[in-house]
Amino acid sequence: MTDLDLVNEPMICRLGESRKPAEPCSIVIFGASGDLTARKLIPALYHLFKEKQMPVAFRVVGFARREKTDESWRQELRIALDQFSRTKPVDETVWREFAANLVYCQGDLTDAGAYQKLECLLTGFGSGPLRENLLFYLAISPSQFGEVVEHVHRAGLLNKDGAAWQRIVVEKPFGHDLNSAHALNNELTRFAHERQVFRIDHYLGKETVQNILMFRFSNSIFERLWNRESVDHVQITVSEKLGVGGRGGYYEEAGALRDMVQNHMLQVLALITMEPPVSLEAEAIRDEKVKLLKSIRPLRSDEVLRQVVRGQYFAGMVGGESRPGYRQEIKVRPDSHVETFVALKLFIDNWRWSGVPFYLRTGKNLPMSASEVRIQFRSTPNVLFAAQCGERLDSNALTLRLQPNEGISLRFNGKVPGTSLAVRPVRMHFSYDSEFGAYTPEAYERLLLEAMVGDATLFIRRDEVETAWQIVDSIRAGWEGKALTNREFYAAGTWGPIAAEELLARAGHAWHEPQGRK
Ligand SMILES: NC(=O)c1ccc[n+]([C@@H]2O[C@H](COP(=O)([O-])OP(=O)(O)OC[C@H]3O[C@@H](n4cnc5c(N)ncnc54)[C@H](OP(=O)(O)O)[C@@H]3O)[C@@H](O)[C@H]2O)c1
C-alpha cells in the first residue's frame with residue numbers, strides 16, 4: 001500500500017457510526033397522515049431501504065385518525081415522495097418493495113381501543129422481533145405524548161425491561177420553558193427509562209455537525225489553538241431566507257429564541273466548545289455537552305438588555321420578492337411582540353474559554369439561508385506590515401459551514417504577487433461535495449438508523465434539554481413585560497436590527513456575512 005492509498009482509505013471509526021446492523025423491528029409512526037411523516041420520515045426510510053441499511057425484516061405502521069387503507073396511505077406517500085425525495089426520480093422497483101412493508105392503523109390517540117387494534121396488528125407480524133422490537137415515533141403534538149406513552153404501555157407494547165427493546169422518538173419542541181420540559185420529561189419516563197427516549201434535534205443528524213467533533217479531536221493542528229489563548233471570538237449564524245409562512249400559529253408560541261437557540265444553536269455551541277469526551281460513547285459525549293452548557297454564564301436582567309438583541313421583521317424585499325411584515329402573517333396577532341430575530345453574546349465560564357465572547361444570531365427573512373460557525377483567531381502584533389498594510393492585518397478565521405455547501409475554510413493572509421509588499425486575505429477551502437461526492441444523507445436518515453440501532457449519541461439527553469432551557473429562561477425573564485421598541489424592528493431582507501451590529505461593534509467586532517443561498 002502506498003502513502004497515497006493510505007490517504008484515500010476511509011476512516012475506520014466515525015462518530016455515531018452504527019456499530020452493528022439494525023435488528024428486525026417495527027416502526028410505529030403516530031401522526032402518520034401529517035406533514036413530518038410525508039416530508040421527512042418516509043423519504044428517509046425509503047432512502048435507508050434503497051441504501052440497504054434497513055433491517056433485514058421491518059414494518060412501518062402508520063397510526064392516525066383519518067380513515068385510510070394501507071393502499072391509499074402508500075399512494076399518498078408515493079406522491080409526496082416525488083416532491084420530498086432527495087434523489088429523483090424515485091426508483092419504482094425499490095419503492096414497491098419498500099411500500100409492501102407499510103401498514104396503516106386508523107385510530108384516535110385518546111381511545112384505548114385503538115391501541116388494542118394496534119397490538120393485534122403487531123401480533124399479526126408473528127411473535128418475533130417485528131412484534132417485540134418497537135420504535136415509536138411521536139410525530140404528534142407534545143401535549144399528546146404523555147397519553148400515548150401511557151396507552152402503549154397499557155396495551156403491553158412498551159416495557160421498561162425485557163429481552164426485546166422498545167424506544168420512543170420525540171420531536172422538538174421539548175417544552176416551552178424549564179418547567180414544561182421537566183413535566184414533559186416526567187411524562188415520557190413514567191413508562192420508559194430515560195435510555196429508551198430519543199429526543200431528535202435534526203441538526204445533530206447533519207453530516208457537518210457530526211464532523212465538528214471529528215474535526216476537533218482528530219486533528220492536532222486546530223485543537224491546540226482551540227482556547228482563549230488563540231481565539232478572539234466565535235460567531236454562530238443560522239439565518240433563514242424564509243419568513244414564518246404558514247407556521248404563524250406555532251411561531252407565536254415559540255419565537256426565534258425557543259425555536260432555534262434553545263436547541264440547534266446551543267447544541268452546535270456545545271459541540272464547538274466542549275472538552276474532549278473520554279470515549280465516543282453516547283453518554284461520554286452527552287456528559288461533556290451538559291458540562292459545557294452548565295458553564296454558560298446565566299444572564300441577569302440587566303445583562304439581557306446589554307447582551308441580547310431581539311427583532312421582528314416588517315415588510316420588505318428578500319431576493320427580489322416582496323414579503324409581508326410578521327404582524328401581517330397568517331395566525332399572527334397584529335400587535336405581536338414575538339421575536340423573529342435574536343442575537344446574543346454569551347460567555348463560557350471555564351478554564352478554556354474564560355473571557356471569549358460567543359456571538360449567536362438567527363432570524364427569519366434575512367438576506368440568505370446559511371448556517372455557519374466562524375472561529376476568529378487573535379490578531380498578530382501589528383509591527384511588521386503596519387506601514388504597507390495600513391492599520392490592521394486581517395486576522396485568521398476558520399469557518400465551519402453547516403449548510404449549504406457544507407465544508408470548512410481557513411482564511412489567512414497571503415502576499416499579492418508582484419513587486420510591492422501588499423497583503424490580502426485568501427482562503428483554503430474544503431468542500432464535502434467535491435471531496436466525497438454528492439452523497440449527503442438527510443439528517444433524518446442518520447437519526448432514524450441510529451434510533452433503530454439504539455445509539456443515542458446524536459439525541460439529546462434530558463439534562464441537556466433542561467440545562468438549555470435554564471439559559472433561555474434567564475433571557476426570557478429579562479424580556480418579561482417589555483414590548484418591542486422601534487429600534488428592534490428590521491426590514492425583511494436585511495441582517496436584523498441595527499442593535500445587532502452595535503452588539504459586536506462595542507467590542508470592536510463585526511458580523512461576518514456567511515456564504516449562503518441568496
Ligand atoms: N413538520 C415538520 O417538519 C416538523 C419539524 C420538526 C418538528 N415537528 C413536530 O412534529 C410533530 C408533528 O408535526 P406535523 O407537522 O407532522 O403535524 P401535522 O401535519 O399537524 O400532523 C399531525 C398528525 O397527528 C395526528 N393526530 C392529531 N391528533 C390525533 C388524534 N387525536 N388521534 C390520532 N391522530 C392524531 C394527525 O392525524 P389526522 O390528521 O389523521 O387527524 C396527523 O397525522 C409536531 O410536534 C411538530 O412540532 C414537525
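So, helix H2, residues 35–50, gives the most to the shell around the ligand, with four residues. By helix I mean a DSSP run of H or I with at least four residues, and a strand is a run of E with at least two, both numbered from the N terminus. Bear in mind that this is a predicted model: local features need pLDDT of at least 70, side-chain atom pairs count only at pLDDT 80 or more, and totals for chains, interfaces and linings use all residues. Residue numbers start from 1 along each chain as its sequence is written.

Back to that shell. The ligand has 20 residues around it, and Gly31, Gly34, Leu36, Arg65 and Arg66 are the closest. Near here is a C-beta atom, placed from the backbone, within 6 Å of the molecule.

Now, the sheet. Which order do the strands take? It's an open sheet of seven, S3-S2-S1-S4-S5-S6-S17, with mixed pairing. Strands pair if DSSP finds at least two bridges between them. At the edges sit S3 (102–106) and S17 (459–460), each pairing on one side only. Strands S1 (residues 25–30) and S2 (residues 58–64) run parallel, joined by six bridges. Ser26 stands opposite Arg59 in S2, for example.

Okay, zooming out. The protein has 18 helices and 18 strands. Its radius of gyration, taken over C-alpha atoms, is 24 Å. The globule rule, 2.2 Å times the number of residues to the power 0.38, gives 24 Å for 518 residues, so the protein is as compact as a globular protein of that length. Along its principal axes, the C-alpha trace spans about 80 × 70 × 45 Å.
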